[in-house]
Structure formats: C-alpha cells, structure tokens
Amino acid sequence: MRIKPSAVVMTVYLLFLLVPIYWLVNMSLKTNTEITSMFTLVPQNLTFNNYRVILTDPSWYSGYINSIIYVTMNVVISLTVALPAAYAFSRYSFMGDKHLFFWLLTNRMAPPAVFALPFFQLYSSVGLFDTHIAIALAHCLFNVPLAVWILEGFMRGVPKEIDETAYIDGYSFPRFFVKIFMPLIASGIGVAAFFCFMFSWVELLLSRTLTTTDAKPIAATMTRTVSASGMDWGTVSLVLGLFVVLVKILPYLRIGVSIKFMSGGATSVCSV
Amino acid sequence: MDKTQNNKAWFLVLPVLVLVAFSAVIPLMTVVNYAFNDTFGNNDFFWAGLDWFEDMITSDRLHEALGRQILFSAIILAIEVPLGIFIALNMPKSGFWSSFCLILMALPLLIPFNVVGTIWQIFGRVDIGLLGHTLAALGIDYNYTNDALDAWLTVIVMDVWHWTSLVALLCYAGLQSIPQAYYQAAKIDQATRWSVFRYIELPKMKGVLLIAVLLRFMDSFMIYTEPFVVTGGGPGNSTTFLSIDLVKMAVGQFDLGPAAAFSLMYFLVILLVSWVFYTVMTNLDRQETQ
C-alpha cells in the first residue's frame, strides 16, 4: 500500500501536539509516589483520587466558579458595548473613524505587563480590588477591540438594503437592531463571544494582580499549588487536565464557524 | 460597500470609548505620570523630566533584554510561518479527517498560557518528564534549568507547539477560499507543484498570512507567562524577555519610574512595528481591489 506523504506529515505534527497533552493526562491519573519514584508510560496504579480532591475541596472548585463568573461578566460587557460600535464602523463613515479603529486595535497590542501595576492602583483606589467586576473590566482592555474587529467583519457581510427596508417598514433603530439585525449576525456574535471567553479564560497576569482571595481565578490557584505544596504534581496536572477539558467544550460547536470567520475576517481587516 | 457619511455614529461608538478610557487611558496616564516623576513614597512626586528615559536607553540590562526579545521573535516567526504554511498545505481538504485535524490542532491554542508553561515544565524535567527522560536515556545532556541553550530550545519548541496551529489554521482558511477552477487551469497549463504554490496559493493566502505574522509578532514580543513558568527568566538572565524584565522591575523591585519609562518605550516599539504591518496590509489590499 502506498502512503501519502501529506498523511505522514500530518501524523507527525499531530503526534507532536498530542504527546505533551498525553503526558499531562497520564500524570493526573497517577499517585504522587508513583510520579516521583518511578518512570512509567502508563499509570500502574490507576487512581481518580486527584479528581476527587479537586471536585470536593472548596479552595479548588471556588477557583473555577470565580473564573466562570468574571469570564461571563466580561463576555456580556464586551459584547454589549462592541455591538453598536461595530455597527457604526461597518455602516457609517464619520469623523476620525479610521484612526479610532486603529486606536482600538492598539489596545489589543498593548503588553498586559505594562498595565498590571496601574490597574492595581486604579482598582484599589476606586474600591474594586479583589472583585469579579474588576477583572471583567480589566479584560475589556483586549477583548473589546477584538470583539469590535470580529463583529465588524460579520456586519459588513449583511447587505445594507436590509437596514433600509426595515426603516421604510417603520422599525426604530433599537427595535431593528435587536429584532432583525442581531439574528442575522448570530454566528458572528457566537464567534466573538467565544474569542472573548477564551482570552479572558486564559489570561493570568492581570487576573492574578487584581485579586487576593475573594475573586481568585483558577489559573492563579494553580500557580499557588506549584509553589506551596511543591511535589503535589498529581493534583497539579489534573487541574490542568480539567482545565483543558472545560475549555474544550466550546470549540466543538464553533470550529466550523470560526474558520469561516477567519477567512471572512481576513478580508475585512485588510479593507479597513 | 459605500458608507453613509454620518457623524452621529459617534454616539454608537461612545460606550466603547467610555469603557476603553476607563480600562486603558487612565492606567496609561498613570504610567506616563510615573515615567516623568520620582517618588519617595507618601504620594510625594518630584519632576524627573526625561531622566528615567535616559537611564533606560543607556542601560545594558534593557539592551540585553531587547536583543533577546528580537532574537526570540525572529526565530519564532522564521519557524512558525513556513511550518504553518507547510502544515496547511498538507491538511486533508475535506471530510472527516479534515475536521479531525482541525479539532486536534485547535487544542494547544485553547490551553491557558500558564498551563502551557506547566505542561512543558513537567514534560522537560529529566526525572519525571517524558522529553527530559527520553533525551537523558539517549545520552544527551539536557537540563533546561542549568543550560542556557537548553532553556532557549525548550522555550522555542514550546512556542512552536503552542502557536504553529494558529498560523496553519489561518492559512488553511485562506487555501479553502481558492476556487477549484484555479487548480484546473494550472493543471491544463501543466504547472509544477512549486508554481501552483508560488502563483496561486501564496498570493491568495497573502491576506491571512499578514494577519498571522502580525498576531505572532505581537504575541511573541509580549510573551510573559510561558517562559516565566518554565524557566523563570533563567538560568541567569538568559531567557529574561522584555515583559519578564518589566514585571521584575515594576512589581518585584518596585522601581516605578524606570519601569514606567520602560513600559512606554516598549509599547511604542510594538505600536510602531504593528503600524507598519497594518499600513502594508491596507495598501496591499487597496492595490488588489484597484
């Protein structure tokens, strides 16, 4: 049988991607003694104890809850402000629109490290430190520009005649926007929500700087374990495992759409 | 699409402006404030003028970090862009295997940055990691905590692992948008594989490729979490990139003035390069539509 070279390339590449992840799952199913004392490719004493610890210990699962709360808040805020703005950018030309758009994008380019300290002081001074809303607002820094960018690409694809017909039919702007326009770009909203969700979920630097106990995200809880209990590798790798699984749920639904967005988004970016 | 001239559209943009003003402009002004002042605590500020900037521009520490950063970004782009294109060309075009590849390739992109760091930190350890253990078994002296070269290799392989898929997925989306007729025409002309790539696929991928390069440049230039988790900037200072150095300076040593001046220059460099990319992108597109 002849094997296609492209299949070989893909197999090698996918193996390269999967082996480190396999190692992680492998470790999460081992006991601590097994991890530190011997080197095995598959767990000898299969244990789900690590998973039990995570799901029952409040100091662990509260991290997940905190993360979910602020990520949700961030997605809602980002989309609420980004929708009208993206509509304005896609439909109207107004004074300074191109500069404004580029300025928004520059916020996506700003290194979070630059903002960590000022954020800390700003939120401390307005009494928002260590709350979920603080992280949600801080993450708007890079999520709002991204959401505007993505949504603008999708809105550009909706013909303008639809707007005009709706106005002739006597729709007011808010009613038209919610009733007619938003369903038309539903997949775009989904993609934007997914990207906001993802970037807010994986961000560590800002969310760690802005919290101490009450709103501590899961990512920060994990870092603490690495330093404090040193060799509790089993628990660590398993949180990672769980983390990966949680984040994996959405893409299954969205992957086709996001590919579509990428090809659509490409043209929209270039024609700004 | 023709756009209507309407300055009232500003009202639709207003919420974004207010929000971004709160989350970006105010903090940035704080940074600017620190960059030009010195303080001995208690909120007493003294005008320091451009001193911090002079300090930073002449500091060896910054030069070294900048050099490492540029080298790192250059290596990353040189590996990930060609590799990403190569992978995209080899991906199955449709059917079950194409979605299978897409989902698996998206995996590393969705793993939080510090988890990526932790995965590779464990994976590379000689005692419990598969990579480190295998290399040791092969008789290769590999230890990323002691040897600068090993640390660099680990960080680079980790970044390739993490982000090549992004380039590949973007290129794949670009390839998918090429109509079959182009390939048929090329076949009739008996074009070689290389000229199909050079004259059909590459020009069609130009748009997405520029996005990929821009994103990879920005993100590799701002990289913080992954190398910090894996090497902590060490051994010595060998993997201390700009962000790591900045956080060390601002949060670790609390040298606010120099750190702020550093931040501003850092931001400007990224802005400048991104602006160049952005302008090139816009102009290329304009030429194409004309």
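How many helices and strands does chain A have? Select chain A and count: there are 13 helices and one strand. Keep in mind throughout that this is a predicted model.

**Stop 1: chain A**

Colour chain A by secondary structure and walk from the N terminus. The elements run α-α-α-α-β-α-α-α-α-α-α-α-α-α. Now turn to burial. Chain A has 272 residues, and 44% of them are buried. Next, look at its contacts between residues at least 6 apart in sequence. Of these, 80% join residues at least 24 apart.

**Stop 2: chain B**

Switch to chain B. Here you will find 12 helices and three strands. The C-alpha trace spans about 75 × 70 × 30 Å along its principal axes. Of the 290 residues in chain B, 40% count as buried. Take the contacts in chain B with a separation of 6 or more: 70% of them are between residues 24 or more positions apart.

**Stop 3: two domains in chain B**

Select residues 1–49 of chain B, which the domain assignment calls domain 1. How far apart are the centres of domain 1 and domain 2 of chain B? Taken over C-alpha atoms, 30 Å separate them. Where the domains touch, eight residues come from domain 1 of chain B and six residues from domain 2 of chain B.

Zoom in on the domain 1 side of that contact. Helix 1 (9–36) and strand 2 (37–39) of chain B each supply at least two residues to it. Helix 1 of chain B gives the most, with four residues. By class, this side of domain 1 of chain B has five nonpolar, two polar and one charged residues.

**Stop 4: a helix pair inside chain B**

Stay in chain B. Select helix 3 (residues 60–90) and helix 7 (residues 148–176) of chain B. Two packed helices are described by the angle between their axes and the distance between the axes. For helix 3 and helix 7 of chain B, the axes come within 7 Å and cross at roughly 45 degrees. These two helices of chain B are therefore oblique to each other. Their crossing is right-handed.

Show the side chains where they meet. On helix 3 of chain B, pick out residues including I75(B), I79(B), E80(B) and L83(B). On helix 7 of chain B, find D159(B), W163(B) and Y172(B), among others. The contact of helix 3 with helix 7 of chain B has 16 nonpolar, two polar and two charged residues.

**Stop 5: where the chains meet**

Show both chains together. How many residues of chain B are in contact with chain A? The count is 75 residues of chain B, against 81 residues of chain A. On the chain B side, helix 1 of chain B brings the largest share, 15 residues. The residues on that side of chain B divide into 54 nonpolar, 19 polar and two charged.

**Stop 6: a helix pair across the chains**

Finish with helix 1 (residues 5–28) of chain A and helix 4 (residues 96–110) of chain B. They pack at an angle of about 45 degrees, and their axes are 10 Å apart. That angle makes helix 1 of chain A oblique to helix 4 of chain B. Helix 1 of chain A passes helix 4 of chain B in a left-handed crossing.

Which residues meet here, from helix 1 of chain A and helix 4 of chain B? Select M10(A), L14(A), L17(A), L18(A) and I21(A) in helix 1 of chain A. Facing them in helix 4 of chain B are C101(B), L104(B), M105(B), L107(B) and P108(B). By class, this contact between helix 1 of chain A and helix 4 of chain B has 10 nonpolar, no polar and no charged residues.

Methods: Residues are numbered from 1 along each chain as its sequence is written. Chains are lettered from A and ligands numbered from 1 in the order in which they are written. A residue is buried if 20 or more other C-beta atoms lie within 10 Å of its own, exposed if 12 or fewer, and partly exposed in between; C-beta atoms are placed from the backbone. Two residues are in contact if their C-beta atoms, placed from the backbone, lie within 7 Å. Domain bounds come from an automatic or database domain assignment. Ala, Val, Leu, Ile, Met, Phe, Trp, Tyr, Cys and Pro count as nonpolar, Asp, Glu, Lys and Arg as charged, and the others, Gly among them, as polar. Axes are lines fitted to C-alpha atoms, for helices over the stretch in contact, and angles run from 0 to 180 degrees between N-to-C directions. Angles under 35 degrees count as roughly parallel, over 145 as roughly antiparallel, 65 to 115 as roughly perpendicular and the rest as oblique. A crossing is left-handed if the near helix is turned anticlockwise from the far one by less than a right angle, and right-handed if clockwise.
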